Amino acid sequence: MTATPIKHYLQFKDFTADEYAYLLQRAAFIKAKFKAFEKHHPFADPDRTLAMIFEKASTRTRVSFEAGMYQLGGSVVHLTTGDSQLGRAEPIEDSAKVISRMVDIVMIRTFEQTKIERFAAHSRVPVINGLTNEFHPCQILADLFTLVEHRPATSGNPLDAIKGKVVAWVGDGNNMANTWLQAAELLGFTVHVSTPSGYEVNAALAGISNPACYKVFADPREACRGADLVTTDVWTSMGFEAENEVRRAAFAQWCVDEAMMAVAQPDALFMHCLPAHRGEEVAAEVIDGPQSVVWDEAENRMHAQKALMEYLLLGRLA
Ligand code: CP
Ligand code: NVA
């Protein structure tokens, strides 16, 4: 008898469109339970434990996974590089073998994608990418959930709310941008990307085979023209702090301002994964303005990841 392979969530493209349709519906169900103060404890006895490993800082990812797992009736172990043997060069493979014998699911935020892949290859339990230099799939899952929530399809199928949409990405061709490309190819929408030269998205790294899923614009305002969603992120991601001053100069024209929002669709949404820097990648009038859904977006990390953890541990429940 061959063992069923363990399902991990290391990149957005690890799941199918059908799995995203399920997860988006399930996240809405789980969110409704939370808002109604109804318990949602899907795990039968014994309860499940999530290990969270952070090699970079976090506010949203930590709180959303930790609170989310407790709300599902499970428990959480929190590790950082500094307070574990990870920071003293214990091989990632050995860490994976040990940690995955004691917990039921693992979330990792780290630097290179190869590191999380090596961990997953030696883990007995599902592994979730909580951000790497290359990808941030949990954030895009929450962003799509937020899009569907604010602009639902008349059919009720969450994928219909996403299909054919135009998402404008303004700024760094970073982990968020690479993940948007994967989502666009898989779910059938287009990303209009505008980055300064030298900071382009990495379509090869994202494994994009349909080049029509994104269009590159030199002018960020042109990328926003007609967009259903305008989104951006910090100019300097974690791990790239040494480039901060060079990046500030290179990105000066890539601030999402009211002029950019004015050429997007009149009902366009603005998203930012946060943390944000007002006056750098986004004007205060935009992030604090009426088209911004950034607080729902942040909250939705928790609901979407509860659906994700439940799915990885129990499969489909509805
Ligand atoms: N958006 C996001 O991942 O936020 P944190 O870095 O605070 O976890
Ligand atoms: N691109 C940013 C996202 C932070 C949530 C970073 O990697 O630092």
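Trainee: What is the strand order in the open sheet of five strands?
Mentor: In this predicted model, the order is β7-β6-β5-β8-β9, and the strands of this open sheet pair in parallel. Strands (E, at least two residues) and helices (H or I, at least four residues) are DSSP runs numbered from the N terminus, and two strands pair if DSSP finds at least two bridges between them.

Trainee: And which are the edge strands?
Mentor: They are β7, residues 214-216, and β9, residues 269-272, each of which pairs on one side only. Neighbouring strands of this sheet are turned by 20 degrees against each other on average, with direction ignored; axes here are lines fitted to C-alpha atoms, for helices over the stretch in contact, and angles run from 0 to 180 degrees between N-to-C directions.

Trainee: How many bridges join β8 and β9?
Mentor: Four bridges link β9 with β8, which covers residues 229-232, in the parallel sense, and L229 has L269 of β9 as its bridge partner.

Trainee: Before we go on, how are things numbered, and what limits apply to a predicted model?
Mentor: Residues count from 1 along each chain as its sequence is written, while chains are lettered from A and ligands numbered from 1 in the order in which they are written. Since this is a predicted model, local features need pLDDT of at least 70 and side-chain atom pairs count only at pLDDT 80 or more, although totals for chains, interfaces and linings use all residues.

Trainee: What about the open sheet of four strands, what order does it have?
Mentor: That sheet runs β2-β1-β3-β4 with parallel pairing, and its edge strands are β2 (75-80) and β4 (127-129). β1 and β2 pair over six bridges, and I53 stands opposite L79 in β2.

Trainee: Changing topic, which domains does the chain have?
Mentor: The assignment, which comes from an automatic or database source, gives domain 1 as 12-135 + 298-314 and domain 2 as 139-295. Their centres, taken over C-alpha atoms, are separated by 24 Å. The contact takes 25 residues from domain 1 and 24 residues from domain 2, where contact means that C-beta atoms, placed from the backbone, lie within 7 Å.

Trainee: Which elements give two or more residues to domain 1's side of that contact?
Mentor: Those are α1 and α13. The axes of α1 (residues 17-35) and α13 (residues 294-314) also come within 8 Å of each other and cross at roughly 115 degrees, with L23 and F34 of α1 and A304 and Y311 of α13 among the residues making the contact.

Trainee: What surrounds ligand 1?
Mentor: Its shell holds S58, T59, R60, T61, L131, Q139, C273 and L274, counting residues whose C-beta atom, placed from the backbone, lies within 6 Å of the ligand.

Trainee: One more thing, is the peptide bond from L274 to P275 cis or trans?
Mentor: That bond is cis, with omega near 5 degrees, and P275 is found in the loop between β9 and α12 (284-287). Most residues other than glycine have a negative phi, and most peptide bonds are trans. F37, in the loop between α1 and β1 (49-54), has a positive phi, near 60 degrees.

How values were computed. Contact = placed C-beta atoms within 7 Å.
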